[in-house]
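Here is a short briefing on one protein model.

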Amino acid sequence: MSGRLIARLTQFTRSPQGQRTIASARRAAADPRKRAQARSLLGRVRGRR
């Protein structure tokens, strides 16, 4: 099952929509404010376990 998931993810990343999503994520990762928001969100998610 995981092999099928990896294949679907690979297919998505090669598609035009996947490329747009990746570019958007890279822009967000380069923005210090967005990075702080993501770090905060991850901290809250991890704290719930």
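The axes of helix 1 (residues 2–14) and helix 2 (residues 16–30) come within 4 Å of each other and cross at roughly 80 degrees. That angle falls within 65 to 115 degrees, so helix 1 and helix 2 are roughly perpendicular. The model is predicted.

**Helix 1 against helix 2**
- Helix 1 makes the contact through F12, T13 and R14.
- Helix 2 answers with P16, Q17, G18, Q19, T21 and I22.
- By class, this contact holds three nonpolar, five polar and one charged residues.

**Helix 1 itself**
- Helix 1 has 13 residues and reaches 18 Å from its first C-alpha to its last.
- That span is close to the 18 Å expected at 1.5 Å a residue.

**P16**
- P16 sits in helix 2.
- Is P16 buried or exposed? The relative accessible area of P16 is 59%, and the cut-off for exposed is over 50%, so P16 is exposed.
- The C-alpha atoms of P16 and A36 are separated by 28 Å, with the two residues 20 apart along the chain.

**Whole protein**
- The secondary structure comes to three helices and zero strands.
- From the N terminus, the elements run α-α-α.
- The C-alpha atoms fill a box of roughly 30 × 30 × 10 Å along the principal axes.
- Of the 49 residues, 4% count as buried.
- The accessible surface is about 4900 Å², and 55% of that surface belongs to carbon and sulfur atoms.

Notes
Residues numbered from 1 in each chain as written. Predicted model: local features only at pLDDT ≥ 70, side-chain atom pairs only at ≥ 80, totals over all residues. Heavy atoms only, no water. Axes fitted to C-alpha atoms, helices over the stretch in contact; angles between N-to-C directions. Helix = DSSP H or I, 4+ residues; strand = E, 2+ residues; numbered from the N terminus. Parallel < 35°, antiparallel > 145°, perpendicular 65-115°, else oblique. Contact = heavy atoms within 4.5 Å. Nonpolar A, V, L, I, M, F, W, Y, C, P; charged D, E, K, R; others polar. Buried < 20%, exposed > 50% of the residue type's maximum accessible area, 1.4 Å probe, protein only. Expected span 1.5 Å × (residues − 1). Areas by Shrake-Rupley, 256 points an atom, 1.4 Å probe, with all protein chains shown as cover.
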